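Dear colleague,

I am handing over the structure below for your files.

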Amino acid sequence: MKFEKKRASTKQSIPTASLPDIVFMLLLFFMVTTTLREVDVLVSFRLPEAKAIEKIENRRLVSYIWVGQDGRIQVNDSLTKLEEIQKIMYAKRVALPNVIVSLRIDKSSQMGVVTDIQQELRKASCLRINYSTLLKI
Amino acid sequence: MITLKKKKLPDAEIPTSSMADISFLLLLFFLVSTVIDVDTGIGLTLPEYTPPDQQELVPISKDRLAAVLINENGDVLLNNEIIAIPQISKTLKPRIESKIDLPANKKLVVSVKTDRKTDYNLYIQALDQIKDAYFQVRSEYAINRLGKRFIDIDERSDEMKEIRDKIPITISIAEPEAVKK
């Protein structure tokens with residue numbers, strides 16, 4: 001009697017035809033969710049940490065002001081003088097009435113510069129602000 | 001005799017086996033270059049600007065006001081008592097709680113005042129403590145009176161509105177004084 005190994009009659013290969021489709025779907029997801037960094041940050045800063053923080057849900061409304069370790073101020077993509085903030089932010093506020101200004105201020109800064117920026121923002125009537133912080137763990 | 005045999009064409013096929021490799025490469029590129037940075041921070045609404053000569057002083061009764069003063073050495077004064085920053089939350093919480101059922105014009109107002117030379121980090125820590133006190137009161141209110149966790153309540157629901165009405169976060173940034181620099 002002859003013994004014969006039983007073999008499945010189906011093809012022994014993983015069907016890879018749909019693999020590109022799956023990968024393209026993932027790819028598309030990442031392409032859609034990616035927001036490319038629009039501005040180069042010219043100042044170096046380390047954010048403070050806090051516990052009771054909120055997320056800004058709507059990214060489109062956010063406009064940033066950076067303050068570096070050396071006290072330089074950056075709005076949009078260039079360094080700015082303190083006196084010019086009011087003009088720039090007022091233009092932003094006209095374009096986008098409910099703009100949220102995210103203040104990315106280095107944690108070793110002094111309150112003087114923060115207060116000055118806040119006064120400028122008040123003059124430009126950009127009243128919704130957000131002190132950018134990291135989550136303290 | 002010549003037989004006119006039709007030449008059999010080979011199957012026209014695009015080789016797609018490398019397609020997966022190519023798309024994986026693209027995928028990896030986007031995976032690596034994606035920065036999912038969520039903007040987190042402490043939100044605040046500034047008061048409207050009024051020129052110094054038009055400012056009016058509105059008297060606020062003592063029991064409504066919690067004045068937080070932070071000087072340049074990092075000492076914190078809460079209602080004329082020196083306390084450490086981590087204690088702010090604990091001190092404020094009972095005061096916020098005692099005013100939950102009072103009308104809107106009797107709620108607590110937290111006023112934060114700093115020096116020009118105060119460390120920004122300390123200011124954020126103090127603000128964090130104040131916000132933390134409010135958040136704790138809000139979440140306890142949500143559990144005790146509404147029977148829900150605060151994070152489960154929808155942003156636009158009536159319950160959230162009720163919480164916002166009962167426990168409004170009123171943090172006032174004191175008008176900077178003209179100081180000698």
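The contact between the two chains takes 44 residues from chain A and 39 residues from chain B, two residues being in contact if their C-beta atoms, placed from the backbone, lie within 7 Å. On the side of chain B that touches chain A, α1 (19-33), β1 (40-45) and α3 each supply at least two residues. Helices (H or I, at least four residues) and strands (E, at least two) are DSSP runs, numbered from the N terminus. By class, that side of chain B has 20 nonpolar, 10 polar and nine charged residues. Here Ala, Val, Leu, Ile, Met, Phe, Trp, Tyr, Cys and Pro count as nonpolar, Asp, Glu, Lys and Arg as charged, and the others, Gly among them, as polar.

Please note that this is a predicted model, in which local features need pLDDT of at least 70 and side-chain atom pairs count only at pLDDT 80 or more, while totals for chains, interfaces and linings use all residues. Residues are numbered from 1 along each chain as its sequence is written, and chains are lettered from A and ligands numbered from 1 in the order in which they are written.

Chain A

Chain A has three helices and eight strands, and from the N terminus on its elements run α-β-β-β-β-β-α-β-α-β-β. The radius of gyration of chain A is 26 Å, well over the 14 Å that the globule rule gives for 137 residues, so chain A is more spread out than a compact globule. That radius is taken over C-alpha atoms, and the globule rule is 2.2 Å times the number of residues to the power 0.38. Along the principal axes, the C-alpha atoms of chain A fill a box of roughly 100 × 35 × 25 Å. Of its 137 residues, 27% count as buried. A residue is buried if 20 or more other C-beta atoms lie within 10 Å of its own, exposed if 12 or fewer, and partly exposed in between, with C-beta atoms placed from the backbone. Among contacts in chain A between residues at least 6 apart in sequence, 78% join residues at least 24 apart.

The axes of helix α2 (residues 85-95) of chain A and α3(A) come within 8 Å and cross at roughly 45°. Axes are lines fitted to C-alpha atoms, for helices over the stretch in contact, and angles run from 0 to 180 degrees between N-to-C directions. α2(A) and α3(A) are therefore oblique to each other; angles under 35 degrees count as roughly parallel, over 145 as roughly antiparallel, 65 to 115 as roughly perpendicular and the rest as oblique. A:Ile85, A:Gln86 and A:Met89 of α2(A) make the contact with A:Ile117, A:Glu120, A:Leu121 and A:Lys123 of α3(A). These residues comprise four nonpolar, one polar and two charged.

A:Asn76 lies between β4 (73-75) and β5 (78-80) and counts as partly exposed, with 13 C-beta neighbours inside 10 Å. A:Ser125 is placed between α3 (111-123) and β7 (128-132), and is partly exposed, with 16 other C-beta atoms within 10 Å.

Chain B

Chain B has four helices and six strands, in the order α-β-β-β-β-α-β-α-α-β from the N terminus on. Its radius of gyration is 30 Å, well over the 16 Å that the globule rule gives for 181 residues, so chain B is more spread out than a compact globule. Buried residues make up 21% of the 181 residues in chain B.

Helix α3 (residues 120-146) and helix α4 (residues 158-166) of chain B pack at an angle of about 125°, with their axes 11 Å apart. That makes α3(B) oblique to α4(B). B:Arg138, B:Tyr141, B:Ala142 and B:Leu146 in α3(B) meet B:Glu159, B:Ile163 and B:Lys166 in α4(B).

B:Ile167 is found in the loop between α4 and β6 (171-173) of chain B. B:Ile167 is buried, with 21 other C-beta atoms within 10 Å. Leaving aside neighbours within four places in sequence, the contacts of B:Ile167 include B:Ile96, B:Ile100, B:Tyr134 and B:Tyr141.
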